[in-house]
Amino acid sequence: MTVHFIGAGPGDPELITVRGLKLIEKCPVCLYAGSLVPEAIVKAAPDGAHVVDTAPLHLDEIIEEIKAAHEKGLDVARVHSGDPSIYGATAEQMRRLDALGIDYDVTPGVPAFAAAAAALKTELTIPEIAQSIIITRTAMQSSSMPEGEDLATLGQSGATLAIHLSVRNLGEIHRQLAPLYGEDCPVIVAYRVGWPDEAFIHGTLEDIRGKVRSSKITRTALIFVGPALKAGKEFRDSALYDPNCVHVLRPKAKEKSV
């Protein structure tokens, strides 16, 4: 018996991996985060499968479902939104399974920031503008941020920031980042990426809070901040395909003799 932690992607049911979908199709037990996982993905579970929405359950209740499956020798598809490695609350489940001696594995999924960048047709790492992406959040009702991971510290990098779970904290984001990125730094709020009601709100650190407030978005949104978002067409080409960039797969061409 194995518990398969599966990343279902951000919302579009076609953005699940082939392996993830095959596991759901064959597991007789499916536990899924109902508020974030598309119903179409759960419908792939086999006929007669025990399918449970874990959104209203606490950790102990989820583990009891897994223990019951384990006692019957039934594989479990534990389906999370996005990728299980990012704000998935999977580590605490794995810790419990380790203590119980229950086997598990992990199938990655498409993270929200990658799906949002694809929908926006943008690259988040632009040559000589931003070559790093920082995935982070702010402290609100959830656990506090570790020392050194506040936005004022992370923002000193000038990297592209992908800020999760913080759309109701835009005032604090502005306060901490404006001195570092500037009031006119572009911000994009990506709402329910991959769902039918997907939406993107474009603004700056100065005005994005008002725009989001007008839209009445209060949850399920990702916030991009950084100069890479306004690069447009004004940036140098990457060295990756530069004819003068020589590497093992593209050695320097021999000069033709005259």
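Biologist: Is Lys-43 buried or exposed?

Modeller: Lys-43 counts as exposed because its relative accessible area is 63%; buried means under 20%, exposed over 50%, and partly exposed in between, with a 1.4 Å probe and protein chains only. This is a predicted model, where local features need pLDDT of at least 70 and side-chain atom pairs count only at pLDDT 80 or more, while totals for chains, interfaces and linings use all residues. Residues are numbered from 1 along each chain as its sequence is written, and side-chain values use heavy atoms, with hydrogens and water left out.

Biologist: With which residue does Lys-43 form a salt bridge?

Modeller: Side chains of opposite charge can pair when their charged atoms come close. The term salt bridge needs a side-chain nitrogen of Lys or Arg within 4 Å of a carboxyl oxygen of Asp or Glu. Here Lys-43 pairs with Glu-39, their closest N and O atoms being 3.8 Å apart. Glu-39 is exposed too, at 57% relative accessibility.

Biologist: How many salt bridges are found in the whole structure?

Modeller: The search finds six. One of them joins Arg-175 to Glu-172, with 2.5 Å between the closest N and O atoms. Both residues lie in helix H7, three residues apart, about one turn of the helix. Helices (H or I, at least four residues) and strands (E, at least two) are DSSP runs, numbered from the N terminus. Arg-175 is exposed at 53%, whereas Glu-172 is partly exposed at 24%.

Biologist: Which side chain does Asp-197 meet in a salt bridge?

Modeller: That of Arg-192, at 2.8 Å from N to O. Arg-192 is buried, with a relative accessible area of 18%, and Asp-197 is partly exposed at 35%.

Biologist: Which residues line the largest cavity?

Modeller: Rolling a probe the size of a water molecule over the atoms shows where empty space is left. On a 1 Å grid over the protein atoms alone, a cavity is a set of points where a 1.4 Å probe fits but cannot get out, and lining residues have an atom within 4 Å of a point. The structure holds one cavity of 30 Å³ or more, and the volume of the largest is about 30 Å³, meaning the space filled by probe spheres set on the points, which are joined across faces, edges and corners. Its lining consists of Leu-170, Ile-173, His-174, Leu-205 and Ile-208. Helix H7 (residues 170–181) gives the most to this lining, with three residues.

Note on methods
On a 1 Å grid over the protein atoms alone, a cavity is a set of points where a 1.4 Å probe fits but cannot get out, and a pocket is an open set with protein on both sides within 12 Å along at least five of seven lines; lining residues have an atom within 4 Å of a point.
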